[in-house]
Each structure stands twice: as structure tokens, then as C-alpha cells.
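User: Hi! I am new to this structure and would like to go through it with you. Could you show it to me, please?

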Amino acid sequence: MKGAKANMTRDEFYAILQNSQRPVLVEFWAPWCKPCKVMAPGLKRVGDKYADRVELIKLNADESVVVAKEFRVMGIPTLIAEHSGKEIFRKVGAQSDEALEAIFEGAHRFEAPKMTLQPVERWFRFLSGAALTAFGIARGPSWMLVLLIVLRACDRVCSFTASLFFITS
């Protein structure tokens, strides 16, 4: 990646965040992380395209544990956009090429990216929600609360799975 920076000390990292004239997009990743590996080619393509507008820093979360804790990184891959030491937005999980494009464009404009759901993801969410709601209504009101909790957990897993589908297809 021509514009990406990696393998730096904590002080070098914070100096870049404070002094960069451009917005900085930080990717927290790890070599064992499958979603990171899946997202890497798209991140390279989009990162190269925006190299003159957005500075990309790739930090190995295993080697930069202190920085990851300071940024409250709970999962990888995590993308955090910063400018002048202030967080603009963050995205957690593997992102499709279209989502990466929106993320870089959002960082360039100093605003959260405008992203929409893919049609397959919309249908999957709708059908799983409809099926769980019908089951909950049939089983009674006490099941509705349990199903709402399960639906929320399923939504997070399904979003991640759908993003992997769109990245690999």
C-alpha cells in the first residue's frame, strides 16, 4: 500500500494524529484475523485511491496493545477516522469495497460515512424479523421479549456474515 504507514512507536503514532493536515484513518488489525485478511485487498485499493486525501495507518492490535486499549478497540478489524486528535467516526468489522469507499470519503469530508444496506441484507433482516415476530406472537407475550433480544443478537451476526459475502463475491 503506497500511502499506508505501519510499524511505528506509540509516540510516532500520536505525533501523526496530532500533526497531520489530512484526516487519518487507523485500521486496527491482527495477522490471525480472517475478516482483516478478507478486507485487506479492498482496503489497499481504496487506500491507494485516497492516498493524497486521507492518511492510512495500519496498527497490529497484538503489537500495539496499549494504543488499542487507549482507543477502546473491542474487536478487529476496527477503522477509526481522526483529525487533529479528535475522532470523527469508527466502524467495526469487515467492510465491503463500497463501504470502504464511503468510509474514506467520509473521512475526507470529516463526517460519518453515508452507507446503505445491500438488498440481500435488507431481505435477510426483514425475513428473519418477520419469522421471529410470527413465532413470538404465536407463543405469547413473554416470548416476545426473548425473541427481541435474540433478533438483536442475530442482526449483528447477520450483518457481519453479509459483509463477508459482499467482500468475497
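Predicted model: local features only at pLDDT ≥ 70, side-chain atom pairs only at ≥ 80, totals over all residues.

User: Which residue forms a salt bridge with Arg 22?
Analyst: The closest N and O atoms of the pair are 3.5 Å apart. Arg 22 sits in the loop between helix H1 (10-19) and strand E2 (24-29), and its partner is in strand E3 (residues 55-60), 33 residues apart, so the pair links distant parts of the chain.

User: How many salt bridges does the structure hold?
Analyst: Another is formed by Lys 44 and Asp 48, whose closest N and O atoms are 3.0 Å apart. The total for the structure is 10.

User: Why are Lys 44 and Asp 48 separated by about one helical turn?
Analyst: Both residues belong to helix H2 (residues 34-49). Lys 44 itself is partly exposed, with a relative accessible area of 37%. The separation is about one helical turn because, within helix H2, Lys 44 and Asp 48 are 4 residues apart.

User: Which residue is linked with Arg 10 and Asp 11 in a network of salt bridges?
Analyst: The side chains of Arg 10 and Asp 11 meet in a salt bridge, at 4.0 Å from N to O. Arg 10 is partly exposed at 38% relative accessibility, while Asp 11 is exposed with a relative accessible area of 60%. The network that links them also includes Glu 70.

User: With which side chain does the side chain of Glu 27 make a polar contact?
Analyst: Glu 27 lies in strand E2 and counts as buried, at 1% relative accessibility. Leaving aside neighbours within four places in sequence, its contacts include Met 39, Leu 43, Ile 57 and Pro 77. The polar contact, at 2.6 Å, is with the side chain of Lys 58.

User: What is the count of disulfides?
Analyst: A disulfide is a covalent bond between the sulfur atoms of two cysteines. Here a pair of cysteine sulfur atoms must be within 2.5 Å. Cys 33 is buried at 3% relative accessibility, and Cys 36 is buried at 5%. By the distance rule, the count of disulfides is 0.

Notes
Residues numbered from 1 in each chain as written. Heavy atoms only, no water. Buried < 20%, exposed > 50% of the residue type's maximum accessible area, 1.4 Å probe, protein only. Helix = DSSP H or I, 4+ residues; strand = E, 2+ residues; numbered from the N terminus. Polar contact = N/O pair within 3.5 Å; in protein donor to acceptor, adjacent residues only side chain to side chain. Contact = heavy atoms within 4.5 Å.
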